[in-house]
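The following paragraphs lead through a predicted model of a protein assembly. They take up a single chain, and then the contacts in which that chain takes part.

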Amino acid sequence: MTGSSDRPFPPGDRPFPPGDYPLIVVGSGPGGLQVSYFLTRLGIDHAHISADPGPGGMFRRFPIFQRLLSWTRPYAPYERTTRFYESYDWNSLLAEEPENRSLMPEIMDGVSEFPSRPEMERNLILFAEKTGTAVRYECRWTATRREGDRFVVETSDGEYRARHVIFAVGAAEPWKPSTPGIELVPHYAETGPAQEYAGKRIFIVGKMNSGFELAEGLLPWARQIVLCSPRDAKLSVVTRSLVGIRARYLQPYEDHVLGGGIYILAAAIERIERHADGWRVFTRSTLGGADLTLDVDVVIAATGFGSPLGDLAALGVATFNQGKLPVLTPFWESATMPGIYFAGTISQAMAGLKKHGVPSNSGAVQGARYNARVLAEHIARTHYAWQAPRPRVAAKEVVPYLLSEATRAPELWHQRSYLARVLSFDEQEGVRDEGIWPLAHFVDAPGGEAVAMTIEHTAEGEIRPAVYVRRGGKVEEHVMPGDPLLDFESAEYRKQLRSLLSGLKGMRA
Amino acid sequence: MNDSNRDIVDVLASLTLFGDLSRPQLEAVAHTFDEEWFSEGQRILRQGFTGTGFYVILEGEAAVRIDGVDRATLGKGDFFGEISILLGEPPVADIVALRPLRCLVLGGPDTEPFLNSYPRVMYRMLQAQARRLRNASQWRS
Amino acid sequence: MALSKQEKARLLAGVGLFSALGPRALGTIAGRATEVEFPAGRYIARQGEVGSGVFVIARGRARVVRGDEEITVFGPGDFFGELSVIDRAPRVASVVAAEPTLCLAIAAWDFLALLEENPKLMKAVLLEVVARLRATTEHIRH
């Protein structure tokens, strides 16, 4: 296990002592830091607590083999710290002040477009320091209960009370299925340095990114590697999306295809038993082939993670996916326990429309950071009477603006068919920019005339602009064609969009 | 560690759609689909919206709603979304959760390959569609 | 007049349901299809009976009748019976030869075996059924 910065965060008075607050944020990974930053900018007082000794969340420990799956391009079509640069930087957190933006490229050493784990951790520490995001570290959330209209969050330091709580506790809790014997073998999270596996026959349970990351890291050391799960491996280069094993981890797949001592099995595991100095794994084929029994030296359960939801389920927060994630509304609020919200990677539990089966990037920093901003604004609007700016848009600017957003808005590009730029249309108010909203909310929300602009990722891997028009109480979808250079601002697009929007209030017909 | 994955496999085993599959195959199916929940009143399928998935109901109840009128009720074991995927045309009805709905979901592009891999499931689907058609149209034999 | 296997295969290839199949599959189906002649007025299939097979009209015409009502008329290339074979429910209408009619008949068990052996055929039947389902729903909306 490599070291992480276990040194305590700068000493001094620990902020946010136990007590009553309007709102509490739990967790100091990217999700907690990002949502807290925006809450502060919106003027919402909140306590921010974390069990960790410092910022970084999962990036204080993972990934095991030390390079991330999300990239940052130091040199891109747009200048660093500009809004449109965010499409090329999947790792920096968002900020309004230029000096706090695009911190990741400053830190990277140029070896790879994927930062190392220590670089990512440094990025988050720097963000917390520079933005002055205060957190009470080493304050562990232990239990939760309701008292009247307040939630009581019990911690190792005492009790906190608030009307609203945002849990940004990540999804780094090792999870194993109930396969007999799997409780005896280590999880991905416990993997040691690669040298420890020299000459071993290794059986990896699981064929997602964590399993392949291990296999790739152990290739120079293992005698033999088997990767096993009930279904076939999915490759991102085949799904043409981020779903499946990322290109970075494909070496074991190629070795398997070429016959290099790596075996990929589609089988269910019946049980795992100790055998001699190692393990015996009993598998049953899912494709109608022979049932195989394998003798190996090491078994590792790369079976994924869940969120450490503590006692929230007992409190009344409905969960799914074998208890790993909470059931959420389109604004990332518990569907069964209003007042409890979630930020960071847990926001993936709000799946959105998942058009063409393509999920959002809410599980990763590049998507979750936008969700955090939308969430902070939603809470401010709903509970603190915050008025969004809603600037007017001149009628003749509407079409160019929407098409520009379609072509380069990072919120839309990172969160396809999940977040949308919304404009409202009214006789008196004219056309107003309502900001970025969850598409899942827009398509079912009542209201006056409005338009939501999004980007869609189709089944064939094509990118297309998609417009949702609400008129007469109904929402209609219009998907526009794609473009090989991803330029949606040509005359043809302007003509199409003008026609779709014609007749809306505030637009000259 | 908990038993809800076995729970999903057990629920799948009890559904006609997957009734011909072996236990390992049911596990593979459980790994292939995602789980999604919908609150009462939430729309799952929307009339005219492209890119739908294939849904199988594990728990709860949903209505098939056309132009505001509920035409049918769907419950455990029922499925929807596949017609839009197979025909390449958007849904002609809304599907709305009447009670909290627990579903398994498969992305549109993955649905035909899935059916091709599991002809027994395709056959069960065909039987269900034939029954629906018989109930809907009264004259073709 | 007996049809050769090739002639049967060619006839089947013209039926929408089988058009996605290759020559080998068509040959297999042709091998399991029997010719049956129906004089005018003879029932090819009866309302209320559980479907015993799939019929393709090779020559002639047949009326589809429910009770006293004539629903439609089938001609060469039309087929019926597949729904009954699949869901084993009684037929909802009768099919009566309007003139001397030659059919290719595929027994229920042969048709089900064909479906199992030919995922493409099963897919074609599935698409046919869901297209008809969609048409009935459209009918409700308009």
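The overall dimensions of chain B can be considered next. Its C-alpha trace extends over about 45 × 35 × 25 Å along the principal axes. A compact globule of 141 residues would have a radius of gyration near 14 Å, and because chain B has 15 Å, its value agrees with that expectation. Of the 141 residues in chain B, 56% are buried. Among the contacts in chain B with a sequence separation of 6 or more, 73% are made by residues 24 or more positions apart.

Chain A and chain C, by comparison, are joined by no contact, and their closest C-alpha atoms lie 16 Å apart.

The interface of chain B and chain C draws 34 residues from chain B and 38 residues from chain C. Together the two chains bury about 3400 Å², of which 67% is on carbon and sulfur atoms. Residue pairs in polar contact between chain B and chain C, both members at pLDDT 80 or more, number eight. On the side of chain B that touches chain C, at least two residues come from each of helix 3 (82–87), helix 4 (108–117) and helix 5 (119–136) of chain B. Helix 5 of chain B contributes the most to that side, namely 14 residues. By residue class, the side of chain B that touches chain C consists of 17 nonpolar, eight polar and nine charged residues.

The interface of chain A and chain B involves 35 residues of chain A and 29 residues of chain B. These chains bury about 2700 Å² between them, with 53% of that area on carbon and sulfur atoms. Within chain A, the residues that lose the most area to chain B are Ser178(A), Arg231(A) and Gln322(A), which together account for 20% of what that side buries.

Five salt bridges are counted between chain A and chain B. One of them links the side chains of Asp444(A) and Arg43(B), with an N to O distance of 2.7 Å. The count of residue pairs in polar contact between chain A and chain B, again with both at pLDDT 80 or more, is nine. Strands of chain A take part in this surface: strand 12 (278–285), strand 16 (319–320) and strand 24 (474–479) each provide at least two residues of the side that touches chain B. The largest share is that of strand 24 of chain A, with five residues. The side of chain A that touches chain B comprises 15 nonpolar, eight polar and twelve charged residues.

Terms used: Residues are numbered from 1 along each chain as its sequence is written. Chains are lettered from A and ligands numbered from 1 in the order in which they are written. This is a predicted model: local features need pLDDT of at least 70, side-chain atom pairs count only at pLDDT 80 or more; totals for chains, interfaces and linings use all residues. Side-chain values use heavy atoms; hydrogens and water are left out. Contact means heavy atoms within 4.5 Å. Buried area is the accessible area (1.4 Å probe) that two parts lose on being put together, summed over both. A salt bridge is a side-chain nitrogen of Lys or Arg within 4 Å of a carboxyl oxygen of Asp or Glu. A polar contact is a pair of N or O atoms within 3.5 Å; within protein, one must be able to donate a hydrogen and the other to accept it, and residues adjacent in sequence count only if both atoms are side-chain atoms. Helices (H or I, at least four residues) and strands (E, at least two) are DSSP runs, numbered from the N terminus. Ala, Val, Leu, Ile, Met, Phe, Trp, Tyr, Cys and Pro count as nonpolar, Asp, Glu, Lys and Arg as charged, and the others, Gly among them, as polar. The radius of gyration is taken over C-alpha atoms; the globule rule is 2.2 Å times the number of residues to the power 0.38. Buried means under 20% relative accessible area, exposed over 50%, partly exposed in between (1.4 Å probe, protein chains only).
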